[in-house]
Amino acid sequence: MKNWLIISRYNENILWIKNLLKNEKINKIIIINKGKNNIPHFSSKKVKVIKKKNIGREGETYLSFIIENYFNLPDNIWFSQGDPFEPVSYTHLRAHETRH
């Protein structure tokens, strides 16, 4: 069974994927890089980096990957932002609420 993780990265620190390299259930980690070429080297054949132009947000990255690989998609696929641990900020929502 093929299990892939697709990461949409701009300039986030992605060292967190080192922990996933030990996971035997994940066969491939594809980092779609739309930012600087400062990605650390991962000494695993599981990791593949694809450089793309910075067009659209992560939704565009995921959809483009599906379309481009439609006939070779894995059994299971997970999509993630470059930093899935970044806390969500609701400051902009509260600012909007106070204006009304």
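## Strand β1, well wrapped up

Let's start with strand β1, which covers residues 3–9 of this predicted model. Of its 7 residues, 7 are buried, so the strand is largely enclosed by the rest of the structure.

In a regular strand the side chains alternate between the two faces of the sheet. You can follow that in β1: Asn-3, Leu-5, Ile-7 and Arg-9 point one way, while Trp-4, Ile-6 and Ser-8 point the other way. Whichever way they point, all of these residues are buried.

## Who sits beside β1?

Which strands does β1 pair with? One partner is β4 (residues 76–81), which runs parallel to β1 and is joined to it by 6 bridges. To find this pairing in the model, look for Asn-3, whose bridge partner in β4 is Asn-76. Further along, Ile-7 has Ser-80 of β4 as its bridge partner.

The other partner is β2 (residues 28–33), again parallel and again with 6 bridges.

## The whole sheet

Now zoom out a bit. The strands form an open sheet of 4, in the order β3-β2-β1-β4, with parallel pairing. At the edges you'll find β3 (47–51) and β4, each pairing on one side only. Neighbouring strands in this sheet are turned by 20° against each other on average, ignoring direction.

## A helix with two sides

Next up is helix α1, residues 58–68. Which of its residues are buried? They include Thr-61, Tyr-62, Ser-64 and Phe-65. Looking down the axis of α1, the buried residues fall within an arc of 165°, so they line one face of the helix. Those buried residues pack against β1, β2 and β4. Over on the other side of α1, Leu-63 and Ile-67 are exposed.

Finally, take a look at Ile-32, which lies in strand β2. Is Ile-32 buried or exposed? With a relative accessible area of 3%, Ile-32 is buried, because the cut-off for that is under 20%.

What does Ile-32 touch, leaving out residues up to four places away in sequence? The list is Ile-6, Ile-7, Ser-8, Arg-9, Ile-50, Lys-52, Thr-61 and Phe-65. Two of these names, Thr-61 and Phe-65, have come up already as buried residues of α1. As for Ile-7, it is 25 residues from Ile-32 in sequence, yet the two are 6.0 Å apart in space, C-alpha to C-alpha.

Conventions
Residues are numbered from 1 along each chain as its sequence is written. This is a predicted model: local features need pLDDT of at least 70, side-chain atom pairs count only at pLDDT 80 or more; totals for chains, interfaces and linings use all residues. Side-chain values use heavy atoms; hydrogens and water are left out. Buried means under 20% relative accessible area, exposed over 50%, partly exposed in between (1.4 Å probe, protein chains only). Two strands pair if DSSP finds at least two bridges between them. The arc is that of the directions from the helix axis to the C-beta atoms. Contact means heavy atoms within 4.5 Å. Axes are lines fitted to C-alpha atoms, for helices over the stretch in contact, and angles run from 0 to 180 degrees between N-to-C directions.
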